[in-house]
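Thanks for coming. I will go through one structure today, piece by piece, and keep it plain.

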Amino acid sequence: MKTVIKMLVVLVLLSGTAVAFCSAAEETRTFVDDVGREITLPVKIDAVSPSGPLAQIVLYSVDQDLFVSVSSEFTDAQAKYIDPRLLTLPVTGQFYSSKAATMNPESIMELNKNLNIDVVLDIGEAKETMKPDLDDIQSKTGVAFAFVTQNKLEEIPASYVKLGELLSRPERGQELSDYVSALLAEFDTGMKEVGDNKKSLIYVTAIDGNSISMIGKGSYHAEVIDYVGNNLAKPATTGGPGDEYTMEDILQLNPDYIIVGYVDGHAYYNTIMTDPMWRSLSAVRNGNVYEAPYGPYSWMGGPPSIQRLLSMIWLGNLMYPDVFDYDIDYRVKEFYTLFFRYDLTDAELDDLMVYAKPAPASASAQATTQAPAPLFGVLAGLAAAAAVAGRGRNR
């Protein structure tokens with residue numbers, strides 16, 4: 001009898017051990033990121049830290065409740081669109097940066113004592129050193145780091161499916177992927193219809209007297225404007241705010257459209273609309289100068305991420321209304337609700353797009369009347385630009 005009891009006890013203990021083992025195994029899973037790293041993660045992800053601004057933007061679109069830290073503080077202009085909870089979270093910095101990295105392994109380890117970070121998320125373009133870089137910081141901190149590629153527009157749908165798997169949000173990832181796939185297909189069809197009749201444009205990111213910065217053709221930041229228009233800027237030699245041009249260069253380019261970046265007080269837009277040299281350009285005379293909306297991020301980039309989809313929707317309808325014939329207000333509101341979980345009011349939309357829509361016919365006619373004659377205006381502008389450049393060389 002004693003022997004039977006001992007056997008039962010052993011069986012119970014073995015059974016308990018097996019259950020515990022299975023339970024532990026079920027709590028984790030292996031995820032392979034986009035640089036081929038095998039990472040052990042919890043089955044259900046609840047706590048994520050973004051490794052930089054781009055990851056912060058994309059993670060927000062998947063599930064803002066996942067944040068336990070932010071990579072950088074939100075500005076006042078951004079804060080109105082952001083879940084107030086995120087404004088109180090600790091800042092963990094940026095792992096990759098054009099300057100020095102601000103993500104400190106020691107601070108991650110210290111914060112992790114309270115945050116219990118499931119994974120630090122990095123998103124963007126895979127760098128040559130990314131695999132060893134992420135392996136190194138993961139071993140130093142004991143916190144999982146995972147990378148997902150999202151660089152070109154065409155990569156966005158697959159990236160959302162991957163993020164859905166990584167973040168245990170497969171349905172949400174698929175929802176966003178399906179939206180972007182449909183949008184890219186819509187533009188693929190539309191731009192084929194536009195064909196060789198693309199409108200010429202420049203994208204001005206800064207104006208400082210006779211120095212004008214523009215986004216060069218072929219750059220990461222120029223993907224949308226290269227796609228929907230004929231970008232007259234030269235091939236990019238630098239990233240970020242773009243390459244430097246003079247007023248004389250701009251007058252010679254004389255684009256159909258001028259897209260200008262937002263700054264406080266609409267300063268660059270106002271300069272273009274009031275400066276005599278700028279006003280000699282056909283784009284100004286024809287009312288084709290538009291300011292890129294900003295909120296919570298620039299629609300044109302900074303950094304280039306999912307908001308570039310908004311700029312496609314905007315520029316397609318603006319430049320080719322017969323091809324992309326939709327209600328721009330509806331499409332913008334739809335995007336904000338889906339990606340930012342923010343329901344724009346009509347007043348907020350009007351404020352965002354204050355200089356992003358064609359002016360009423362009466363205002364456009366008045367601007368044309370006040371602008372100098374085309375040929376005279378361009379010649380006068382070139383002469384004035386040459387004089388400005390000459391004074392600069394003589395100093």
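Start with helix α13, residues 308-319. At 1.5 Å a residue, its 12 residues should span 16 Å, and the end C-alpha atoms are 16 Å apart, which agrees. Bear in mind that this is a predicted model, and that goes for everything I say about it.

How many of the residues of α13 are buried? The count is 12 of 12, so the helix is mostly covered, taking buried to mean under 20% relative accessible area. The list runs from Arg308 and Leu309 to Leu318 and Met319, and it includes Trp314 and Asn317.

Which residues make the contact between α13 and helix α7? On the α13 side they are Leu309, Met312, Ile313 and Gly316. On the α7 side they are Tyr179, Val180, Leu183, Leu184 and Phe187. Helix α7 covers residues 170-194, and the two helices pack at an angle of about 35° with their axes 11 Å apart. Their crossing is left-handed.

Next is helix α14, residues 328-340. With 13 residues at 1.5 Å each, it should span 18 Å; the end C-alpha atoms are 17 Å apart, which agrees. The buried residues in α14 are Ile328, Arg331, Val332, Phe335, Tyr336, Leu338, Phe339 and Phe340.

The loop between α14 and α15 holds arginine 341. Its phi is near 50°, a positive value in a residue other than glycine. With a relative accessible area of 45%, arginine 341 is partly exposed.

Histidine 266 also has a positive phi in a residue other than glycine, near 55°. Where is histidine 266 found? It sits in the loop between β10 (257-260) and α10 (267-274). At 22% relative accessibility, histidine 266 counts as partly exposed, since the cut-off for buried is under 20%.

One more backbone item. The peptide bond from glycine 295 to proline 296 is cis, and omega is near -10°. Proline 296 lies in the loop that runs between β11 (289-291) and α13, which brings us back to the helix we started with.

Now the sheet. Three strands form an open sheet in the order β3-β4-β5, and the pairing is parallel. The edge strands, β3 and β5, each pair on one side only. From one strand to the next, the twist averages 30°. Two helices come into the picture here. Helix α5 packs on the sheet, touching β4 and β5, and its direction makes about 155° with that of β5. Helix α6 packs on the sheet as well, touching β4 and β5, with its direction at about 160° to that of β5.

Let me take the pairings in turn. Strand β3, residues 48-50, pairs with β4 in the parallel sense over three bridges. Which residue in β4 is the bridge partner of valine 48? It is valine 119. On the other pairing, five bridges join β4 to strand β5, residues 145-149, and these two run parallel. Here glycine 124 stands opposite threonine 149 in β5. To get from β4 to β5, the chain passes through helix α5, residues 130-141, and this β-α-β crossover is right-handed.

Why is β4 described as largely enclosed by the rest of the structure? Six of the six residues of this strand, 119-124, are buried, so the strand is largely enclosed. In a regular strand the side chains alternate between the two faces of the sheet. For β4, both faces are covered: Val119, Leu121 and Ile123 are buried on one side, and Val120, Asp122 and Gly124 are buried on the other.

Last, the chain as a whole. How many helices and strands are there? The chain has 17 helices and 11 strands. Its length is 395 residues, and buried residues make up 48% of them. Among the contacts with a separation of 6 or more, 65% come from residues 24 or more positions apart.

Note on methods: Residues numbered from 1 in each chain as written. Predicted model: local features only at pLDDT ≥ 70, side-chain atom pairs only at ≥ 80, totals over all residues. Heavy atoms only, no water. Buried < 20%, exposed > 50% of the residue type's maximum accessible area, 1.4 Å probe, protein only. Helix = DSSP H or I, 4+ residues; strand = E, 2+ residues; numbered from the N terminus. Pairing = 2+ DSSP bridges. Right-handed = clockwise from strand over helix to strand, strands pointing away. Expected span 1.5 Å × (residues − 1). Axes fitted to C-alpha atoms, helices over the stretch in contact; angles between N-to-C directions. Left-handed = near helix turned anticlockwise from the far one by under 90°. Contact = heavy atoms within 4.5 Å.
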